[in-house]
Amino acid sequence: MRVEREFRKARAVAAKVFPRALSVGLTLDWEAGRTGRAFAFCEYGECVYIACSPRLEREPLDRIQAIIRHEFGHAIDALYARSTIEQRIGRVARQGWPERMADDIAAALYGPLFYDAEDVQTTRVTSTPIRPAHLPR
């Protein structure tokens, strides 16, 4: 599956800077998004895992890559203190802005994320290089 393959690639890249990323798991879960722009979420608890909707498998590769990279941003945020994150990759979005922080972490690890016409993350260069202001921060 493309989702699993991209997850493994993203985890390997993240683990070079944040070794605890190797503990992040992947699950396929319809609750991760049946409709709209929701395709995945990061769950924190006894362990950290990224839940992806099975419908993500049918999406373009650039969308799969970007969504998984964004969710790894959340995972790193859950696994490490802000001071450690900033020491390793530089400044990230201010506190209280978890979605932008996830984008900042992803951009530092993998390269910039963009947003497509449906306001979903993509690795394809588009006209929206930052998270649209009307989306949750």
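Hi everyone, and thanks for coming. First, the ground rules. What we have is a predicted model, where local features need pLDDT of at least 70, side-chain atom pairs count only at pLDDT 80 or more, and totals for chains, interfaces and linings use all residues. Residues are numbered from 1 along each chain as its sequence is written, and side-chain values use heavy atoms, with hydrogens and water left out.

Let's start with the overall layout. The protein chain has four helices and five strands; helices (H or I, at least four residues) and strands (E, at least two) are DSSP runs, numbered from the N terminus. Going along from the N terminus, the order is α-β-β-β-α-α-α-β-β. Of the 137 residues in the protein chain, 46% are buried, and buried here means under 20% relative accessible area, with exposed over 50% and partly exposed in between (1.4 Å probe, protein chains only). As for contacts, meaning heavy atoms within 4.5 Å, take those in the protein chain with a separation of 6 or more: 56% of them come from residues 24 or more positions apart.

Now helix H1, residues 2–17. Its 16 residues reach 24 Å from the first C-alpha to the last, close to the 22 Å expected at 1.5 Å a residue. The expected span, by the way, is 1.5 Å times one less than the number of residues in the helix. Which residues of H1 are buried? They are Val-3, Glu-6, Phe-7, Ala-10, Ala-14 and Ala-15. Looking down the axis of H1, these buried residues fall within an arc of 165 degrees, so they line one face of the helix; that arc is taken over the directions from the helix axis to the C-beta atoms. Their cover includes strand S1 (25–28), strand S3 (48–52), helix H2 (61–79) and helix H4 (98–110).

Let me pick one residue from that face. Ala-14 sits in helix H1, and with 0% relative accessibility it counts as buried. Leaving aside neighbours within four places in sequence, Ala-14 is in contact with Ala-21, Phe-72, Ile-76, Leu-109 and Tyr-110. Ala-14 and Ala-75 are 61 residues apart in sequence, yet 9.9 Å apart in space, C-alpha to C-alpha.

Leu-109 takes us over to helix H4. Leu-109 counts as buried, at 13% relative accessibility. Apart from neighbours within four places in sequence, Leu-109 is in contact with Val-13, Ala-14, Val-17, Phe-18 and Ile-76. Its C-alpha atom is separated by 9.5 Å from that of Phe-72, which lies 37 residues away along the chain.

On to H2. Its 19 residues should span 27 Å at 1.5 Å a residue, and the end C-alpha atoms are 27 Å apart, which agrees. H2 is mostly covered, with 16 of its 19 residues buried. What does Arg-63 touch, not counting residues up to four places away in sequence? The list is Phe-39, Asp-116, Glu-118, Val-120, Gln-121 and Thr-122.

Not counting residues up to four places away in sequence, Glu-59 touches Arg-2, Phe-39 and Ile-64.

Next, a helix pair. Two packed helices are described by the angle between their axes and the distance between the axes. For helix H3 (residues 82–89) and H4, the axes come within 11 Å and cross at roughly 35 degrees. Axes here are lines fitted to C-alpha atoms, for helices over the stretch in contact, and angles run from 0 to 180 degrees between N-to-C directions. Arg-82, Ile-85 and Ile-89 of H3 make the contact with Met-101, Ile-105 and Ala-108 of H4.

Last stop: Asp-119, in the loop between strand S4 (114–115) and strand S5 (121–122). Asp-119 has a positive phi of about 65 degrees although it is not a glycine. Is Asp-119 buried or exposed? At 19% relative accessibility, Asp-119 counts as buried.
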